[in-house]
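Let's take a walk through a protein model together.

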Amino acid sequence: MSEDTSGIADDSSWVPKHSQDGTPGAQSTTRRRVKRTLMIISGMLVLVIGGTVAYAGYWYYRIDHNIKGAPLHGAVVPPNQLSVVQPTPDPYGNVPINILLIGTDARLPGQDASLGGYTDPSGRSDVEMLVHVSADRSNATVVSLPRDTMVPIPACVDAKGNQYPAQSVAMINSALAAGPGCQVDTVEEFTHVKIDHFMMVDFSGVVALTNAVGGVPVCVTKAVNDPDSHLTLPAGTSVIQGDTALAFLRTREGFSDGSDLYRTEAQHQYLSALIRKMKSEATLDNPIQATHLMDIASKSLTVDNGIASVSGLLDLANTLKKVPTQNITFLTMPTVAYQPDPNRVAPDTALDNQIFSLIAHDQSVTGPTTAASSSATPAAPAPTPSATASTLSPGSVTDAILVENGTTNDGRSRQLAATLQADGFKNATGVSYTGDVATTTVYYSTPQHQAAAQAVAAALQLPASAVQQGGDGSAPIVVRVGADFASGDVYNPVAATSSTPSALPSAALSSAAGENAADSNQCVTAAGS
């Protein structure tokens, strides 16, 4: 697939006259590529780092004012008239979360331009990823939508009241001309997946972010020397950061057939490695480090109005971080040739319908389904919610909560104590426990603490049978963590793993180039391999 060197010529008539800019030359086109493939890094970092930052005073104010908000929807036709699937709550009342991550090639004067960009205030969504997090938070699926895909675009109105007529077919990335809300509605109409939030990022701060985390390991099958991206890497694994990370994520000619589709797979490998590193090294447990990362990311961030605040992002991030790394799957939407233009692609309708149907109905692509109606693979038995579930909110629980580690995983009690604190249980503390425990139990010392114990169990999604009176009296509530809860932020006795049979037919999974975030053996196919 050749590079788009004509701006959005396919659909420039769709842009209001007062919004049109001159078409940049070949040099500007090359510069555009320096940034657009890295948009997603800032967005993913927001998802990873948001839930661990302790904000106060100046930093809260500063980061809160960095974040820009915009309407979630932009289509002229109300979103509820679009043919999207409405999610079904799980036994605990949780619903799945779908987020559209948008990378815009818009660049304004300043650091963006100094990295090789040009002034383009409208922009296009040259990187798009649809992130689905299951209702039980046991798994997540991230689907990259190739920017050259030709799809219908609904009639939209932007924030200034400019009208944009519907198009029967156009490049998916051109919808952003009418604002991120129009991009959301375009993807909703195309996939039938209800989108709850969007995160739109640009490239200022990307180099600083990759430097701040100390770089991530990536692998290539043979040495790469791409003069266009200036990427030079030896065969095998290298730790990259700064300008080298920028080059790795923008390289096309250095990978396989030089198309955007293989560049997407490189982005997936990089993000998987980034997530693994930040979780394994507890980078975000350091409040100063985490605050610094969040400050950098927030400068490049626009989100929907519903989460356009530090508190909104923290609430979302505290939910998203519960997904185990091994249950995060990256896919690239399968496509076929677009006959009118060899430089464009069209959706592979049969395979895409399978993928987006699973997501819309909250069924895991590569693990047990979370919806009882699944016919693709037997559904994992859902944990039974407490029949006498507590009506107490986490913030109203003042009892001391002791989390004891009865597993063989070091730091497990501290991890769950931090999870409970993030959920609102401020008096949770993690300690070690002498001996191994098979089954997780929440003990309450006296009947007056039972409701609080049930609230703790509900937050961790433990079954009703886990709540018992007893314990050693060391605290009013004791969470003794067993081997059945050795990982993850919520209890999932039949957790999906990379070896779990796929709910997606093998042909579709292969065509979508599925990658697991926990797989440290990923290696990008270099050109000529």
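## Starting at a histidine

His 449 is buried, because its relative accessible area is 11% and anything under 20% counts as buried. Before we go on, keep in mind that this is a predicted model. You'll find His 449 in the loop between β20 (441-444) and α13 (450-459). So what does His 449 touch, once residues up to four places away in sequence are set aside? The list is Asp 399, Tyr 444, Pro 476 and Ile 477.

Now zoom out to the whole chain. The secondary structure comes to 14 helices and 23 strands. Of the 529 residues, 57% count as buried. The chain exposes about 20,300 Å², and carbon and sulfur atoms supply 53% of that area. Look also at who touches whom: among contacts with a separation of 6 or more, 76% are between residues 24 or more positions apart.

Next, the strands. Begin with β4, residues 140-144: 5 of its 5 residues are buried, so β4 is largely enclosed by the rest of the structure. Both of its faces are covered, with Ala 140, Val 142 and Ser 144 buried on one side and Thr 141 and Val 143 buried on the other. Which strand does β4 pair with in the parallel sense over 5 bridges? That is β15, residues 328-332. Within this pair, Val 142 has Phe 330 in β15 as its bridge partner. Remember Phe 330, as we'll meet it again.

Another strand to find is β14, residues 301-304. Strand β1 (residues 68-70) pairs with β14 in the parallel sense, over 3 bridges. Strand β9 (residues 197-201) also pairs with β14, but here the sense is antiparallel, again over 3 bridges.

From the strands, let's move to the nonpolar cores. The largest one has 49 residues, and Met 199, Phe 248 and Tyr 270 touch the most other members. Helix α8 (residues 260-280) gives this core its largest share, 7 residues. Pick out Phe 248 and see what surrounds it. Leaving out residues up to four places away in sequence, Phe 248 touches Val 218, Val 220, Leu 231, Leu 233, Ile 240, Phe 255, Ala 266, Gln 269, Tyr 270 and Val 524.

Is Ser 272 buried or exposed? It is buried, because its relative accessible area is 0%, below the 20% cut-off. A polar atom of the Ser 272 side chain lies 2.9 Å from the backbone oxygen of His 268. Leaving aside neighbours within four places in sequence, Ser 272 is in contact with Phe 330, Asn 516, Ala 517 and Gln 522. There's Phe 330 again, the bridge partner of Val 142.

In α10 (residues 310-320), 9 of the 11 residues are buried, so the helix is largely enclosed by the rest of the structure. Those buried residues are Val 310, Gly 312, Leu 313, Leu 314, Leu 316, Ala 317, Asn 318, Thr 319 and Leu 320. Helix α11 (residues 349-360) has 12 residues and reaches 16 Å from its first C-alpha to its last, close to the 16 Å expected at 1.5 Å a residue. Its buried residues are Leu 351, Asp 352, Ile 355, Phe 356, Leu 358, Ile 359 and Ala 360. After α11 comes Asp 362, whose phi is positive, near 55 degrees.

Our last stop is Arg 412, in helix α12 (residues 412-423). Arg 412 is buried, because its relative accessible area is 1%. Not counting residues up to four places away in sequence, Arg 412 touches Asn 405, Thr 407, Val 481, Phe 485, Ala 486, Ser 487 and Gly 488. Check one distance, too: the C-alpha atoms of Arg 412 and Gly 482 are separated by 9.9 Å, though the two are 70 residues apart along the chain.

Note on methods
Residues are numbered from 1 along each chain as its sequence is written. This is a predicted model: local features need pLDDT of at least 70, side-chain atom pairs count only at pLDDT 80 or more; totals for chains, interfaces and linings use all residues. Side-chain values use heavy atoms; hydrogens and water are left out. Two strands pair if DSSP finds at least two bridges between them. Helices (H or I, at least four residues) and strands (E, at least two) are DSSP runs, numbered from the N terminus. A nonpolar core is a set of buried Ala, Val, Leu, Ile, Met, Phe, Trp, Tyr and Cys residues joined through side-chain atoms within 4.5 Å. Buried means under 20% relative accessible area, exposed over 50%, partly exposed in between (1.4 Å probe, protein chains only). Contact means heavy atoms within 4.5 Å. A polar contact is a pair of N or O atoms within 3.5 Å; within protein, one must be able to donate a hydrogen and the other to accept it, and residues adjacent in sequence count only if both atoms are side-chain atoms. Accessible areas come from the Shrake-Rupley method with a 1.4 Å probe; for residues, only the protein chains shown count as cover. The expected span of a helix is 1.5 Å times one less than its number of residues.
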